[in-house]
Amino acid sequence: INAEYGELNVSVYQGIVLFLFNNTSSTTYGNIAESTGIEEEELCRVLQSLACGKARVLRKIPAGKEISRTDRFEFNADFRHKLFKIKINQIQTRETTEENINTTERVFQDRQYQIDAAVVRIMKARKTIQHSLLVSELYNHLKFPVKPLDMKKRIESLIERDYME
């Protein structure tokens with residue numbers, strides 16, 4: 001890309017794809033995939049950011065938002081931008097519902113250990129305490145919202161494991 005276009009701030013993968021256009025003005029998805037060795041999902045995101053984003057450095061043929069294996073890409077010689085430094089952002093992947101559920105479960109497990117640790121800390125400091133005072137102290141100690149039912153289960157679990165009486 002010539003200096004007259006400005007300065008592009010791109011990721012490594014975006015730079016690799018753009019580098020291919022130093023030798024040719026047009027190439028296919030298959031050639032890009034073969035030349036770069038970038039995995040398919042990542043390559044689709046890179047090409048979307050370069051050809052379908054706000055700063056369209058590449059042209060996609062046929063035009064559209066989705067990238068397919070039959071698409072052809074050409075360097076956009078008419079590319080102009082009002083800024084000299086242009087940051088081309090990566091397209092982010094969406095988290096699947098399964099990943100979202102797994103993340104929620106892991107967070108819940110981590111929080112259970114934090115609740116347990118807070119209860120033990122409070123009990124070590126106070127030795128004996130009324131249940132209502134323990135619950136209010138827990139709300140003060142913990143930095144995340146806790147359901148009363150979850151707190152009750154953790155206290156019962158600590159009693160069962162002989163951490164408390």
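**Close-up views of a predicted model**

**View 1. Contacts of Val17 in the largest nonpolar core.** Leaving aside residues up to four places away in sequence, Val17 touches Ile32, Thr36, Ile38, Leu43, Val46, Leu47, Leu50 and Leu58. The model shown here and in the other views is predicted. The largest nonpolar core has 21 residues, and those that touch the most other members are Val17, Leu47, Leu58 and Phe73. Helices α1, α2 (29-36) and α3 (40-51) each contribute at least two residues to this core. Helix α3 provides the largest share, with six residues.

View 2. Val12, Tyr13 and Ile16 make a nonpolar surface patch of about 280 Å². Ile16 is part of helix α1, which covers residues 12-20. Its relative accessibility is 34%, so Ile16 counts as partly exposed, the range for that class lying between 20% and 50%.

**View 3. The salt bridge between Glu40 and Arg69.** The structure contains seven salt bridges. In one of them, the side chains of Glu40 and Arg69 meet at 2.5 Å, N to O. Because Glu40 belongs to helix α3 and Arg69 to the loop between β3 (58-61) and β4 (72-75), the pair ties together parts that are 29 residues apart in sequence. Glu40 has a relative accessible area of 41% and is therefore partly exposed. Arg69, with a relative accessible area of 59%, is exposed.

View 4. Helix α4 runs over residues 97-126, a total of 30 residues. At 1.5 Å a residue the helix should span 44 Å, and the end C-alpha atoms are 43 Å apart, so the two values agree. Buried residues of α4 are Ile115, Asp116, Ala118, Val119, Ile122 and Met123. These buried residues pack against α5 (131-141) and α6 (148-160). After the helix comes Lys127, which has a positive phi, near 65 degrees.

View 5. The side chains of Asp116 and Arg154 meet in a salt bridge at 2.7 Å, N to O. Asp116 is in helix α4 and Arg154 in helix α6, so this pair ties together parts that are 38 residues apart in sequence. Both Asp116 and Arg154 are buried, the limit for that class being under 20% relative accessible area.

View 6. Arg126 and Glu137 meet through their side chains in a salt bridge at 2.4 Å, N to O. Arg126 is in helix α4 and Glu137 in helix α5, eleven residues apart, and the pair links distant parts of the chain. Arg126 is partly exposed, its relative accessible area being 41%.

How values were computed. Residues numbered from 1 in each chain as written. Predicted model: local features only at pLDDT ≥ 70, side-chain atom pairs only at ≥ 80, totals over all residues. Heavy atoms only, no water. Helix = DSSP H or I, 4+ residues; strand = E, 2+ residues; numbered from the N terminus. Expected span 1.5 Å × (residues − 1). Buried < 20%, exposed > 50% of the residue type's maximum accessible area, 1.4 Å probe, protein only. Contact = heavy atoms within 4.5 Å. Patch = residues over 30% accessible without salt bridge, like charges linked within 9 Å, V, L, I, M, F, W, Y side chains within 5 Å. Areas by Shrake-Rupley, 256 points an atom, 1.4 Å probe, with all protein chains shown as cover. Salt bridge = Lys/Arg side-chain N within 4 Å of Asp/Glu carboxyl O. Core = buried A, V, L, I, M, F, W, Y, C linked by side-chain atoms within 4.5 Å.
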